[in-house]
Every structure is written in structure tokens, then in C-alpha cells.
Amino acid sequence: MNFKEEIKIIGLRGIPLIKKGDKITDIIIEALNKNEISLEDRDIIIIAQSIISKSNGRIRNLNKINPSERAVEIYKHIAPSIRSLGLPEKDPKLIQAILDESKNIIRSEHVLITETKHGFICADAGIDKSNVGEKGIITLLPKNPDIDAEKIRITLKNKTNKEIAVIISDSFGRAFRIGAIGTAIGVSGIDPILDMRGKKDLFGYELQTTIIGQVDSLAAAAQLVMGESDEGIPIVLIRGYNFQFNEKSKIKSILRKKEIDLFRSPKDEKFLEILKNRRSYKFDFASKDVDKKVIEECIELARWAPSAHNGQFWRYIILQKGMLRERLVDKMNEKLRYDLLKDGNGEEVIKGKIEKTRNTFLKAPFLILLCLDQKELEKYEDTERTHNELFLGVQSISSSATYLLLAFETKKLAACWYCAPLFAKDIVKESLKLPKSYIPMVFFTVGYPLKAVKAPNRKDLKEIIYEPRILD
Ligand SMILES: Cc1cc2nc3c(=O)[nH]c(=O)nc-3n(C[C@H](O)[C@H](O)[C@H](O)COP(=O)(O)O)c2cc1C
């Protein structure tokens, strides 16, 4: 028997408005009776998410939501493009509800594309404002639609003795086409996909990559009967679709992993990861050699930092292990000894600090010195502007230094920024025979790490964003 020649899509009429606590299986059985339909093995029941959410009490009153600072920030960011496109306003309370339902906000422009806590990528975390009835009431997606589908399937099986499948559906927009489409968000009894790989096509060729999203196709077909607005048909029966029964099926099994999802902009995420993961590494390095070419590639990236009037005042000196580095560090330590003595430190303390400095700067596979080349700074007659120009130089080389540290992070290299050369400028210049216009500023130790470093605390946003008070 070939079921696929005819598939029936039957909307169940006469379903009452669903309230919290209603039993969806009882509603389905009553509706089947009213519609004079008896369940058969391999029937598929498609249920609109909205009635599952309502029966589970997954609704919220917007008036009772207190939007967070983040929700207000997002509101301010998206409101202009929403207005310019004439779309309905998304107030901060709704944005807060969306945030509460999301793991990630993937895009925030005129729409909020979210990754829900289940892992679905959809607009507004699947929150629905239509077909709810009361003003200010929104429905949230069910917490675990796979479990809801399974419970309904098992209860229906116990009551009717029929081996059926259940799909919970919602309508999701799509990235490249206008128009929402029925999409399965929970399944039971049917595999989400029909894997055709290894099967033969019409001409006998073996299919290599074909995987059919069968539950989404079924949900989309059911949507034609359910409608979106006031049709009031939240339950649809599909009969005649030939599928392999699988009581272990889960929609989660077809959620594409972030790493292979080309449209999730992994580059953005990777970039944010790099920003957050970069750490100052102040421990022993692994014995693994570092290729000088990799260091040069990182310095190549550091050239792209912004600089005042594009002066690019940064100069890098790469110091590999060897005599030159030893002599430099020993000379710097003479100055350190002198400074520490002047501060009244005892021999024990001085010895300890010198030993630590030797360890830090001599053991690192690479030591990189960053200098500011004053030659490129603008010249002024007055001291204030001359001083400010020097500040600009320092700010500019600092941005290059930051780029460099981030570039190291991309190469899985660990590094730390040390200010020691600043305290021994002349010695560094003299030891390395640097041009007169160079001001030694920073040492970077670089190598492969031996261990992970915990991130030190960051100040709260409130502490670092100063809100000026406007007095009238
Ligand atoms: C301008 C500057 C100078 C620094 N000088 C030193 C230093 O001399 N010694 C040191 O151990 N760390 C130094 N650091 C590293 C800081 O301690 C480190 O960046 C800070 O603790 C934050 O840790 P994180 O970089 O892992 O986020 C310096 C960092 C900067 C930006």
C-alpha cells in the first residue's frame, strides 16, 4: 500500500478557547468525536503551540514586567529602525519578556532574532501577542514541547490504543524569504527528519546528502488548515503520510550545532569570544616553540589599530632568547635595584623582585618591546599641545598593543603586558641601540600557556558609564 499518493489534512472544528489547566488530550478526543473521526494507526496530530502554552499557563502579563537596563538599551537601539519601517512598536516590557525566554540575542535590528532556551532560532523568542484575547497578555513557547508532545501521544495511545504521532507547531519566519511557515517545535512518535542518504533516485543514482525535514513539512501543511488569524483550528489531523514510527524522537536532534551553522555568524561570536577570553598570562610558558612568523603575523594585525592622524607611532622589537635579552634584563635590573633601594626596601625584597623579573622576561619564548616613535608626533610651540600630542601617541600605541594581544589570543598564544621598560627607558634604548626618537613603553612576554587563567573581576557597567547630570 502506498500511502503517499493521497494525504488528508483535516482541521478539527469546534475546539473551545483553551484555559490554563485544560487537558489537551481530552480536548482532542472530544474534537475527534464531534468531527466523527476515529483515530487510526499512523495518524499524525498537529497541535498549535498556542493552545499548549495556554493550557500550561505559559502566559505573561506585560503590565507586570519590569524591564531591565538591557531591555531598555535594546529598545533604544531598535526603536528607530522599527519606526522607520512602520512596524509595530516593541516596548521594553516585551523586550524583557523576550530576553527572559532567550539564551542569546542573535540579531537586534527591526526584529529581534533570538535563540530560545530550547535552542530554536526565531523572532521574539516565539512570543505571541495575537490570538490571546486580553490586552497586554502574551503567550510564551511551551517550556519543553518534546515532552508535551510525548505526554499527549502516550495518553492518546492509552485511551485509543492507536500508534500515532504528535507534532507541536508554531509559525516561524525564515531568513531568506518573506512569509512565516508552520514549523515543528516538539515531536513524538515520528522522526523529525527523513534521511534519504543511500537511497536511489528515479535514475538509480544514490542520494548523497538528501535529508527531508518531514515534521516541518507536515507542520507547514497543517498550517494551511489552521490559518494564522481567526480560523480557530489549532488541531489538525494528517492521515495517509507514511512514516517510520519512533517513540524516542525529539525535535532537539535536528537543531543545527552552532559550529556548523553558517548563518549564525559564528565570526561575530568568535570575535566576542576572543575579546572576552584574552587574559594576561603571568605564569611559566609551555616548552613548545613559538614560530617567529606567527609573532610577525600578529604584529601585522596590530598595524590595523587606529592612531591619531594615522601617525602609526608604534615600533616593535622582537627579542628572542639569547645574550642580548639577558644583558638588557640585567641592565634593567640594576636600575630596578637602585629604585627599590631608594624606596627603602631591604636586600631580601630586592633580590626576590629581581629574580622574579629575570624569570618573567628571560624565560618567555618571546619578549617584544613596544616603543613610541616621537618622530611622527606633530610639533607645537606651546608645552600644553606638545604634551597632549604625546598623550595621543601613547593612546595610539596602546590601541596597537591591544590589537596585538587579541591577535595572540587568536593564535592561542598567551601574553602579558609589562610596563617595566617605561621605568628604564634610557637603559633599554642604550642596550638595544635604539633610534633617538624611540620611547620604550611596553614589554610583552609571549608563549604557549601551560594553564588556563581565571578572568579577574570587571567593574560593573554602572561604575564605568558616567551619566552627566544636566542642570537647568
Ligand atoms: C598599561 C598596562 C600596564 C601593565 N603592566 C603590568 C605589569 O607591569 N606587570 C603585570 O604583572 N601586569 C601588567 N599589566 C597587566 C594587568 O595586570 C592586567 O591587564 C589586568 O590585571 C587585567 O587582567 P587581564 O588582562 O587578564 O584582563 C599591565 C596592563 C596594562 C594595560
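**Ligand shell, helix pair and sheet**

Visitor: Which residues surround the ligand in this predicted model?
Guide: The model is predicted. The ligand is surrounded by R279, S280, K282, C416, W417, Y418, C419, A420 and P456.

Visitor: How many residues of the shell around the ligand are nonpolar?
Guide: The shell around the ligand holds 2 charged residues and 1 polar residue. Its nonpolar residues number 6.

Visitor: What is the orientation of α9 and α10 to each other, roughly parallel or roughly antiparallel?
Guide: Helix α9 covers residues 323–342 and helix α10 residues 347–363. Their axes come within 10 Å and cross at roughly 155 degrees. Angles over 145 degrees count as roughly antiparallel. Therefore α9 and α10 are roughly antiparallel to each other.

Visitor: Is the crossing of α9 and α10 left-handed or right-handed, and how many residues of the contact are charged?
Guide: The crossing of α9 and α10 is right-handed. On α9 the contact includes R325, E326 and R337, and on α10 it includes K353 and R358. The contact residues of α9 with α10 divide into 9 nonpolar, 2 polar and, for the charged class, 5.

Visitor: Which strands are the edge strands of the open sheet?
Guide: The sheet has 3 strands in the order β4-β5-β6, with antiparallel pairing. An edge strand pairs on one side only, which here applies to β4 (102–108) and β6 (121–123).

Definitions and conventions: Residues are numbered from 1 along each chain as its sequence is written. This is a predicted model: local features need pLDDT of at least 70, side-chain atom pairs count only at pLDDT 80 or more; totals for chains, interfaces and linings use all residues. A residue is near a molecule or strand if its C-beta atom, placed from the backbone, lies within 6 Å of it. Ala, Val, Leu, Ile, Met, Phe, Trp, Tyr, Cys and Pro count as nonpolar, Asp, Glu, Lys and Arg as charged, and the others, Gly among them, as polar. Axes are lines fitted to C-alpha atoms, for helices over the stretch in contact, and angles run from 0 to 180 degrees between N-to-C directions. Helices (H or I, at least four residues) and strands (E, at least two) are DSSP runs, numbered from the N terminus. Angles under 35 degrees count as roughly parallel, over 145 as roughly antiparallel, 65 to 115 as roughly perpendicular and the rest as oblique. A crossing is left-handed if the near helix is turned anticlockwise from the far one by less than a right angle, and right-handed if clockwise. Two residues are in contact if their C-beta atoms, placed from the backbone, lie within 7 Å. Two strands pair if DSSP finds at least two bridges between them.
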